[in-house]
Amino acid sequence: FSVPADASNPQSVVVSVLNVTATLGSQAVLPCKSYRMVWTQDRLNDRQRVVHWDVYSTYYGDNKMERLCDMYSAGDQRVYSSYNQGRIFMPQNAFTDGNFSLVIKGVAESDEGTYSCNLHHHYCHLYETVKIQLAITKKAEDASEYWDGEKPVIVALEGSTVTLPCVNRNHIWTERHSEEEQQVVHWDRQPPGVPHDRADRLIDLYASGERRSYGPLFIRQKMNITDTAFALGDFSLRISQLESADEGTYSCHLHHHYCGLHERRIYQVFVTEPVKEKKVVNLTTHHIAPAVDPNVVRGHNVINVIIPESRMHFIQQLGYILATLLLFVVLLIIVVLVTRKRRQRGYEYNVKKYGEKDVNLKEFTVDTTDLTRYKSEDVRLDYKNNILKEKAEQTRSFPAKNIDLDK
C-alpha cells in the first residue's frame, strides 16, 4: 500500500510496502525511485524562496485580485504599481528575520480590502498564505484590531501608517543551508524475527557524493546503489549473489532535512530455491531397461545432499574456534604465572627462615686441639693382626675435620 504525501504539509511522509520474491543465487533489485523535484532538480538557493502580497479590493467595483509586490530571497523587492512606489514596502531583512510584514504609508480609502501574504518555496513545494482584512476609518477612536473568526481585521485611520503583520520564522525561510548536506538516502535491513528498532544500517548516500557502507565486507560488496542516484532519482538497492540469509524487511528512507520532507519505502524479501529443469529421456527399442522382478526386494534409494553453508555460518564457527584457543592461551598463562609466584614465595621463605635466627658460626666450630693430642700420641701396642695396625695408622695420619654448618 502507499500513502500519498501532502504537498502543503512540510512534514509529509510517504510510506509504501511491497513484497519481492527472488530465486536463490540470482540478483535482486529493490526499486526505490523518486522523481519529485526535491530530489532531481538543480540545487538553486536564490530564486526558490519568494513572498508576494496580493489584495482583493471592492473599492473600484471590479472585485479582482491585484498583485502589490513580491520579493525573492536573493533579489530586491518589486512593486507593481507606480502609485505604490515608495508607499508600500517590506523590510529588507525579511528573509533573515522571517518578518514579511507589509508597511503602507498614508493609507487611503482605496487601500481597503483583504490582503494575503503568500510564502512559496518552489524547490521544496511548500506554500503558506496569511490573510488580513484592512478597513479604513476617518475617526481616530474607531481604529482597532480584532479577529473575526477567520482572519485578523485591522481598522486604520485614514492618512496614517499601518503595518500588516506576516511573520514566519521557520528555518526554511530564515536560514541558508547547504543543499548537499540536507539530502540523504539510507537503506536499512531488518532480519526475520528482529524488531524494527534493531534494524541494521546498510548504506548512507548523500547528495554531495559521500557514501557510507556498514556491516561486514562481503555485505558491503554485494549491496550497492548507483553513483548517479541523485541525478536520476533512482535509489534502487542491488543485491548480488542472493542467498537465504538475505531474507528480511528492507526499508529505503529519503530525507530532505532542509525542507522537512521524508519518504519511506518498505520491501519484504523472500528467497526461494530455483526450479530444476526436468530432463526428458527418449527410450528406444535398443535400450529398454529390464523389467522389475516383483520377487526381488529392493531398498530405498537414498540421496545425500550437502547444502553449502553460508559465509555467515562459516565466520560464526571460525569465531567460536578462535575464542576457544584464546581462552586456552589465557588459562595457560595464568597457570605459569601462579607457578612462578609460588616458587618465589618458597625462596623468600627459606631466606627469611635463616634470617630470623642469628646463627653464630663460632659456636659450632670444633676445637680439635684435644683430638690431635690424643691422635698424635704414640700408641705402642703389639698388634695381633694387620687390621688393627692399619686402623691405628689411619687415626694418626688423618687430621681432625672442621664441620661447616652453613654448607
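## Exercises on salt bridges, strands and a pocket

Lys222 and Asp246 form a salt bridge, their closest N and O atoms being 2.7 Å apart. The model is predicted: local features need pLDDT of at least 70 and side-chain atom pairs pLDDT 80 or more, while totals for chains, interfaces and linings use all residues. Residues are numbered from 1 along each chain as its sequence is written, and side-chain values use heavy atoms, without hydrogens and water.

**Exercise 1.** Determine where Lys222 and Asp246 lie, and whether each is buried or exposed.

*Solution.* Step 1: a salt bridge requires a side-chain nitrogen of Lys or Arg within 4 Å of a carboxyl oxygen of Asp or Glu. Step 2: Lys222 is in helix α5 and Asp246 in the loop between β18 and β19, 24 residues apart; helices (H or I, at least four residues) and strands (E, at least two) are DSSP runs numbered from the N terminus. Step 3: buried means under 20% relative accessible area, exposed over 50%, and partly exposed in between (1.4 Å probe, protein chains only). Step 4: Lys222 is buried because its relative accessible area is 7%, and Asp246 is buried because its value is 6%.

**Exercise 2.** Identify the salt bridge between Lys222 and Glu243, and state why it ties together separate parts.

*Solution.* Step 1: the N to O distance is 3.7 Å. Step 2: Lys222 lies in helix α5 (residues 217-222) and Glu243 in the loop between β18 and β19 (248-256), so the pair joins parts 21 residues apart in sequence. Step 3: Glu243 has 19% relative accessibility and therefore counts as buried.

**Exercise 3.** Describe the open sheet that contains β18.

*Solution.* Step 1: two strands pair if DSSP finds at least two bridges between them. Step 2: the sheet has 3 strands in the order β3-β18-β17, with antiparallel pairing. Step 3: β3 (28-30) and β17 (223-224) are at the edges with a single partner strand each, so one side of each has no neighbour in the sheet. Step 4: β17 and β18 (residues 237-239) pair over 2 bridges, and Asn224 stands opposite Arg238 in β18.

**Exercise 4.** Characterise the lining of the largest pocket.

*Solution.* Step 1: a pocket is an open set of points on a 1 Å grid over the protein atoms alone, where a 1.4 Å probe fits, with protein on both sides within 12 Å along at least five of seven lines; lining residues have an atom within 4 Å of a point. Step 2: the lining has 17 residues, with Val55, Tyr60, Glu66, Leu68 and Ser110 nearest the centre. Step 3: β5 supplies the largest share, 3 residues.
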